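Student: I am new to this structure and would like a close look at one place where two parts pack together. Could you start there and then lead me outwards to the surroundings?

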Amino acid sequence: MELSRRDFLKASAAAAAFAAAGASTMASLRPKDAAASEGDIRWGKAPCRFCGTGCGVLVGVRDGRIVATKGDPQAPVNKGLNCVKGYFLSKILYGKDRLTKPLIRKGNTMVEASWDEAMTLIASKFKESIDKHGPDSVAMYGSGQWTVFEGYAASKLFKGGIGTNNVEPNARLCMASSVTGFMTTFASDEPMGCFDDLDLGDTFFLWGANMAECHPVLFSRMIDNRLRNPQVKIIDFATRFTRTSQMADHYVKFNPQTDLALLNAIAHVIIRDKLYDEQFIKDHVVFKRGKENIGYGLEDRFKFADEPILIDFDKYKTFLKPYTPEYVAKLSGVPAKTIVELAHLYADKSRKVNSLWTMGFNQHTRGTWANNLVYNVHLLTGKICKPGENPLSLTGQPSACGTTREVGTFTHRLPADMVVMNPEHREKAAKIWGIDPNKIPAKPTYNATEMFRALDRGDIKVVWIQVTNPFQSLPNLNRYRKGARKGDGRFIVVSDIYPTRSTELADVILPSAGWVEKEGMFGNAERRTQHWFKQVDPPGEARNDLWQTMELARRLGHGNLFPYKYPEKEIWEEYRKFGEGQGKDLAPYEAYTTARGLRWPVVNGNETLYRYAEGYDPYVKAGEGVKFYKNKADHYKAVVWARPYEPAPEVPDKHYPFWLCTGRVLEHWHTGTMTGRVTELKRAYPSAVCEMHPDDARRLGIKDLQKVKITSRRGSIFLQVNLNGRGKAEKGNIFVAFFDEGKLINELCLDAYCPISGEPDYKKCAVNIEKA
Amino acid sequence: MKVAVCLLAVIAYASFFSSPVQAEAQEDYESDARYAEAQPPTIPHPFRDAADGKYCLRCHGTGLNGAPLSPHPVRITCTECHVKGEITLHSPAKK
């Protein structure tokens with residue numbers, strides 16, 4: 001236990017280095033003997049390829065190959081820290097089986113072809129289908145991992161050229177509920193706060209978000225804050241005990257789906273005990289109520305339109321009456337005393353309170369409501385639009401914000417929050433795109449789940465899939481995998497960097513450029529758009545997705561939409577026009593090539609840290625305080641929605657007595673196509689396991705690490721059980737990660753979705769477990 | 001005792017509030033890279049999958065069992081960066 005003098009000095013040096021480097025646990029150390037210049041390595045900056053945190057990295061290239069990546073010490077997001085995935089970015093593009101040549105299906109084999117052959121075939125299939133069945137028979141399925149340019153080009157080609165709204169991203173499966181939450185509460189997408197809130201706040205409510213594994217660097221920022229400020233409290237509302245729970249101050253387990261009731265109970269207590277901010281409500285809030293018993297999207301072509309009615313504060317109070325702590329305690333399993341205590345903590349005037357959430361709220365059959373309900377708590381207490389005090393919707397993918405939400409690559413969307421249903425919006429888009437406004441269809445077609453249902457039925461024939469892996473990630477996967485291979489004119493194109501469970505169902509596979517093999521821009525969860533230059537060439541004949549989309553455009557006679565010499569920059573400058581003056585302002589291209597990202601709206605070169613807040617947001621004039629200036633219809637106020645608790649569509653019963661929840665683990669990103677090819681990451685977490693409670697296991701005669709068979713009404717799977725891992729399931733629940741291409745857990749999931757957002761619920765369905 | 005003093009010194013330094021200053025336009029990535037951190041070593045011994053700083057620093061904060069000292073003991077979410085590697089060492093001694 002005695003420290004040697006040498007060790008003491010070493011540790012002191014470390015402390016001194018900390019002070020020198022900026023006095024935060026996150027800042028990089030300056031080693032005593034700084035490594036001599038690594039001479040022939042050329043360094044550049046890029047945001048990380050993985051999650052919505054958007055850590056800055058430095059990429060080191062030698063002889064045309066990435067030889068190192070490091071956490072970027074100058075990046076404000078992460079200050080030199082990465083998570084383990086980020087630290088192994090140098091390896092993700094060098095798996096042995098990179099796709100290097102276009103491949104065309106001939107029977108059961110994929111045959112190498114030239115780009116010309118592949119694109120000729122693809123164009124002919126598009127033409128044929130459009131001629132025979134109309135423009136709505138073709139579709140593009142893109143990604144929150146698309147660069148801004150790739151998303152913009154896809155949207156422009158399909159909506160402005162081909163004339164179909166069949167454009168959907170995989171972000172429909174992760175952030176759609178967050179978007180509809182923002183749109184219904186604030187009339188504008190994306191958070192009002194930023195990551196600085198993690199440093200400045202002192203109370204953090206996490207809701208169904210395993211930040212320690214899924215937003216690790218943001219979690220580190222929070223833990224760093226708590227280390228420096230012992231009054232900081234982290235409360236983890238969750239349905240399973242994770243590494244996050246372990247480090248939190250308070251783990252609050254609740255029954256799946258009852259988050260809705262808990263949020264209402266918290267609001268109930270805040271009202272009951274008169275803890276709300278009466279003036280803030282008077283100045284900044286209106287109350288509304290929508291339809292109830294709104295269904296679950298289980299039927300093909302399910303449609304829903306809400307009918308909001310304006311109510312008043314008194315009617316809202318009456319609505320909340322049933323959500324007493326006692327009632328909700330019975331429903332949720334959270335003790336009434338705890339509910340009251342945490343409601344008081346939420347409303348504590350001496351505290352700077354933040355809420356953070358990701359998939360627990362979003363991948364939810366009432367995901368929009370869950371988002372509305374968490375905003376309610378912040379709006380009732382006035383704890384919003386203040387530095388260190390905001391609700392923060394965490395984004396999962398690196399550019400679900402920057403590309404899919406901001407560029408608007410959804411069936412109903414156009415850039416800058418605009419929608420195809422609005423003739424003025426179509427007019428504006430047509431003007432910027434230089435097309436006839438009647439080209440853009442006025443009606444949305446399908447959300448992602450409905451798009452693949454349409455493919456299954458044959459209403460869609462041709463689908464191009466870029467930068468995503470739907471035939472591993474869709475819920476109720478068996479139906480959609482089978483649907484893809486039904487023939488009868490169906491034609492699937494998949495652009496990817498590696499063979500995946502989606503390329504294996506493709507008719508044409510296009511080898512693509514990944515990450516720094518192309519120039520790109522991503523937008524992270526705090527509205528920070530970040531740029532990177534191309535730093536290495538893609539392997540073999542792989543080409544970037546932007547070129548691929550423009551090439552199809554040319555072959556379909558829409559080359560005039562892409563008259564660019566420097567496409568990335570010119571696309572950016574064209575796209576910028578949509579958001580200018582709309583509270584979505586973006587800076588000129590050059591600004592991003594040097595900055596470590598900029599948070600929009602960027603006006604006169606200045607970032608906006610806090611939207612809607614005087615002194616921070618240039619759109620709010622002096623004396624206005626807080627103004628939700630995008631919600632003109634409600635006199636620039638935000639909406640508190642009366643949303644009830646409603647049960648999940650499929651709950652455990654006698655035959656399927658367990659809840660199945662799916663999600664991610666630290667080491668693997670999404671469907672594991674990149675991380676699964678990095679030795680260190682694969683070795684650390686090689687395959688999916690079934691997290692289960694020891695009491696349930698004992699009752700079923702299952703021992704730790706034994707094999708079990710898990711069955712739902714839609715599929716079954718064999719997995720090893722883990723009773724004592726990093727995550728600990730609660731009784732009656734199991735958890736399985738979805739990264740494992742050999743264990744397609746999504747076959748068991750139910751493709752029920754939030755009727756408002758269209759986002760499927762990957763967190764709740766009913767399964768049976770037995771010893772294998 | 002020395003460990004505690006050490007850690008206290010580190011925490012004292014680290015309590016200096018670090019505000020996220022927007023970096024000036026800076027293209028000297030090489031200088032930044034020189035002291036930036038690269039791949040964290042993987043863990044060569046068995047450990048609890050639910051390990052956190054309290055668990056790890058029992059040895060890596062003190063040198064117990066010949067464990068290499070953490071250069072950044074203020075970071076306590078260890079397994080965010082350090083993951084299981086090839087197991088080449090015996091289990092750490094029981095506490």
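Tutor: Let's begin with a pair of helices in chain A: the axes of helix 4 (residues 148-162) and helix 17 (residues 400-408) come within 8 Å and cross at roughly 35°. Helices here are DSSP runs of H or I with at least four residues, strands are runs of E with at least two, and both are numbered from the N terminus. An axis is a line fitted to C-alpha atoms, for helices over the stretch in contact, and angles run from 0 to 180 degrees between N-to-C directions. This is a predicted model, in which local features need pLDDT of at least 70 and side-chain atom pairs count only at pLDDT 80 or more, while totals for chains, interfaces and linings use all residues. Residues are numbered from 1 along each chain as its sequence is written, and chains are lettered from A and ligands numbered from 1 in the order in which they are written.

The crossing of helix 4 and helix 17 of chain A is right-handed, a word used when the near helix is turned clockwise from the far one by less than a right angle, with anticlockwise making it left-handed. On the side of helix 4 of chain A, Val148(A), Gly151(A), Tyr152(A) and Ser155(A) take part, and they meet Gly402(A), Thr403(A), Thr404(A), Val407(A) and Gly408(A) of helix 17 of chain A. Being in contact means that the C-beta atoms of two residues, placed from the backbone, lie within 7 Å. By class, this contact of helix 4 with helix 17 of chain A holds 3 nonpolar and 6 polar residues and no charged ones. In this scheme Ala, Val, Leu, Ile, Met, Phe, Trp, Tyr, Cys and Pro are nonpolar, Asp, Glu, Lys and Arg are charged, and the others, Gly among them, are polar.

Now step back to the domains. Chain A is assigned domain 1 (1-36), domain 2 (103-170 + 404-519 + 531-563), domain 3 (176-397) and domain 4 (658-749); such bounds come from an automatic or database domain assignment. The C-alpha centres of domain 2 and domain 3 of chain A are 35 Å apart, and 7 residues of domain 2 of chain A touch 7 residues of domain 3 of chain A. On the domain 2 side, helix 19 (residues 448-457) of chain A gives the most, with 3 residues. That side of domain 2 of chain A has 5 charged residues, 2 polar ones and no nonpolar ones.

Strands come next. Strand 23 (residues 658-663) of chain A is largely enclosed by the rest of the structure, because 6 of its 6 residues are buried. A residue is buried if 20 or more other C-beta atoms lie within 10 Å of its own, exposed if 12 or fewer do, and partly exposed in between, with C-beta atoms placed from the backbone. In a regular strand, side chains alternate between the two faces of the sheet. Here both faces are covered, with Phe658(A), Leu660(A) and Thr662(A) buried on one side of strand 23 of chain A and Trp659(A), Cys661(A) and Gly663(A) buried on the other.

Strand 23 of chain A has two pairings to look at; strands pair if DSSP finds at least two bridges between them. With strand 29 (residues 765-771) of chain A, strand 23 of chain A pairs in the antiparallel sense over 3 bridges, and Leu660(A) has Cys765(A) as its bridge partner there.

Another sheet to find is an open one of 3 strands in chain A, in the order 1-2-3 with antiparallel pairing. Its edge strands, each pairing on one side only, are strand 1 (42-47) and strand 3 (65-71) of chain A. The twist averages 30° from one strand to the next.

Finally, look at the loop between strand 21 (598-599) and strand 22 (638-642) of chain A, where Pro601(A) is found. Trp600(A) and Pro601(A) are joined by a cis peptide bond with an omega of about -5°. Asn604(A), in this loop too, has a positive phi of about 55° without being a glycine, and Asn604(A) counts as exposed because it has 7 C-beta neighbours inside 10 Å.
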